[in-house]
Amino acid sequence: MMEFIESLTFLGLSIQAWITVVTVISIFFVMTYTRIPAVVAFLGALTILLVTGVVTEEEGMSGFGSEPVVVHAAFFVIIAGLIQTGVLYWLTKNVLGEPQRYKTALFRLIAPVSVLSAFLNAVNVVALFIDAVIIWAKKLDIAPSKLLMPLSFAASLGGMCTLLGNSSNLVVAGLYMQKTGKALNVFEPLLPGLVLTACGIILILLLQRFIPSRQSSEHSFETTSDYTVELLVPTDNPAVGNSVDEAGLYDVRGGTLVEIVRFDKEIIMPVPKDAYILGGDRLVYAGHINDLLSLKESHGLAAADHHVWSINDIDTKRKMRTAYVNFGSDLIGQRMNESEFEKESGMVLVAVARQGMRVEGQPREIKLQAGDTLLLECPPRDASELQRNYRHSLTFFDSHFVPQMGVRTILSTALLVMMFVLSLFHVMPLMAVTMLTAGAMLLMKCCRMDNVIKYIDWQLLLVLGSTLVFSVAITKTGIANIIAQTVLQMCADNPYIVMGVMCLLASAVSEFVSDVGSSVIFFPIVFEQSQLMECNPMPFIMSLMLSVTLSFSSPIGSNTHMLVYGPGSFKFTDFARIGIWMHLLLLVVCLVVVNLIYPLH
């Protein structure tokens, strides 16, 4: 039966090829138009390919043991060691300095960030520097967005320079090794990457005046009068039975009582001065966050996540923390009062900000969006622990800790240098080197095993393992060959035009899906084209590797953009203002430089 299905064709493609095409297109649709997490979308697509027989079990599982997945897993351990021993903290503290002007701060930021991103992975560098950049912005009295967008762009540019800088670099290198049996050096993309990084930095400096100035969400929580706070009246509160005016809860400093929500869902709005207070009432205020939150102590109120019987039930050790809703978060589209998040996490939503403007309504009944800033009342735990536990849903502002510097700080730095030296001189394959370094970090107690597990991004590993199988399916079903031949005919077999067209398509797709997904889909096609034209595959492969990382026009095109989207209070279209120009200009530079370095024949 399976052989019969495989023999069926339609418009020149087999049934299995059409299954692959529909599956890949479906992923584009799911990633662009739905809130389904990436890991669910990719694993679902892999399941379809396995069930329909497009790929065998061995082929389907091969991606999870491939070089990109193993190297990423090992690198998570290495990064954990660098964080816990204080290496990254030392870099953050000493590299940036204390600039006095915006232009000086901009250069002092993008230069070291681009260098560090080549060695420590762009996403890790951005996550590390966000807090420091926001503090800079406060000192310079500028909007954080004016520094956060350059931070993300610089990290993406620097990540092009090594295989470890971006996930897509490793994916392309891994696919190339599967095709040719040849391993790329960790510094293979260094020369074209440096040229692109230098050109990109110049463009950032030239276009910096077009970077939008957005109101900081943290600053909004401190100074604005346009945010809402929801507080609950415990049953034994002395105010019960009095009017809001008599209880001193009507005319309050820094805010206005917007409405009262009774325990039976009755809503009183507008609130008259003589409205009586009942136990279990939720009082919704609009105004200055800090002043309104002081009512909790002065009037014995509580956060409004559940009914409180007694004032003594209120935990005074809890802390207020700011967090941003991530792209792909399971909180998107959810109302906190309908979600289990507060119950599971022990956190309570106090206020919501969205792009510097008030979100009308009760905070816990607001449907959340990506990039929303949440003020959360959190249990007395370290912010870094909260960040590790909920990093797929939220990014916390104050998520870093001050580590103890010592001998292991020097030791972990030496291990990192050793890893790059061994890889540079081809002493060991990249996968072996990273595994050796990760093992040494654990053996020398640069990081603890129980903490390491929290640093590993399991969802990313699952997505990587799944996406690599798509390349197998696209090649196996003949899709790569057909598309390659079609493009060759349209471009009159001119390798330069073919390369330009494919890189333009791949970079455009990466703006809406991801650099990893785009590289996996286009790699087999580009490689097939180089073989059909009897050209050296390296210029095709390197141009693809670099072009898919030129995702500057949309916040979902890069993980670094997603990290700064919330803290910068950006609008979705903000990145396009300078991102489109950077994308197109750097794509031209990429094609020229790669072809100057790598001959076609």
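**Close-up views of a predicted model**

**View 1. Helix 10 against helix 22.** The crossing of these two helices, helix 10 and helix 22, is right-handed. The model is predicted. Helix 22 spans residues 515-532, and its axis lies 9 Å from that of helix 10. The packing angle is about 30°. That angle makes helix 10 roughly parallel to helix 22, because angles under 35 degrees count as roughly parallel. On the helix 10 side, the contact uses S167, S168, V171, V172, L175, Y176, K179 and T180. Helix 22 supplies D515, V516, S519, V520, F523 and F527. By class, the contact of helix 10 with helix 22 has eight nonpolar, four polar and two charged residues.

**View 2. Helix 10 against helix 19.** Helix 10 (residues 167-180) also meets helix 19 (residues 458-476), with axes that come within 11 Å. They cross at roughly 40°. Helix 10 is therefore oblique to helix 19. The handedness of the crossing between helix 10 and helix 19 is right-handed. S167, V171, L175 and K179 make the contact from helix 10. Their partners on helix 19 are L460, L464, L468, S471 and T475. Sorted by class, the contact of helix 10 with helix 19 has five nonpolar, three polar and one charged residues.

View 3. Helix 23 covers residues 537-547. How many of its residues are buried? The count is 11 of the 11, so helix 23 is largely enclosed by the rest of the structure. The buried residues run from P537, M538, P539 and F540 through I541, M542, S543 and L544 to M545, L546 and S547. They pack against helix 10, helix 11 (190-207), helix 21 (495-510), helix 22 and helix 25 (576-597).

**View 4. The loop at E534.** E534 sits in the loop between helix 22 and helix 23. Its phi is positive, about 55°, although E534 is not a glycine. Most residues other than glycine have a negative phi. E534 is exposed, with a relative accessible area of 68%.

**View 5. The loop at K445.** K445 lies between helix 17 (430-443) and helix 18 (449-455), in the loop. This residue, K445, is not glycine, yet its phi is positive and near 60°. Is K445 buried or exposed? Its relative accessible area is 59%, so K445 is exposed.

**View 6. The loop at T477.** T477 belongs to the loop between helix 19 and helix 20 (479-490). T477 is buried, at a relative accessible area of 12%. Which residues does T477 touch, not counting residues up to four places away in sequence? They are S14, Q16, A17, T20 and V54.

**View 7. The whole chain, for context.** The chain has 601 residues, and buried residues make up 57% of them. Its secondary structure comes to 25 helices and 13 strands. Of the contacts with a separation of 6 or more, 78% join residues 24 or more positions apart. The accessible surface comes to about 25,100 Å². Carbon and sulfur atoms account for 62% of that surface.

Terms used:
Residues numbered from 1 in each chain as written. Predicted model: local features only at pLDDT ≥ 70, side-chain atom pairs only at ≥ 80, totals over all residues. Heavy atoms only, no water. Axes fitted to C-alpha atoms, helices over the stretch in contact; angles between N-to-C directions. Helix = DSSP H or I, 4+ residues; strand = E, 2+ residues; numbered from the N terminus. Parallel < 35°, antiparallel > 145°, perpendicular 65-115°, else oblique. Left-handed = near helix turned anticlockwise from the far one by under 90°. Contact = heavy atoms within 4.5 Å. Nonpolar A, V, L, I, M, F, W, Y, C, P; charged D, E, K, R; others polar. Buried < 20%, exposed > 50% of the residue type's maximum accessible area, 1.4 Å probe, protein only. Areas by Shrake-Rupley, 256 points an atom, 1.4 Å probe, with all protein chains shown as cover.
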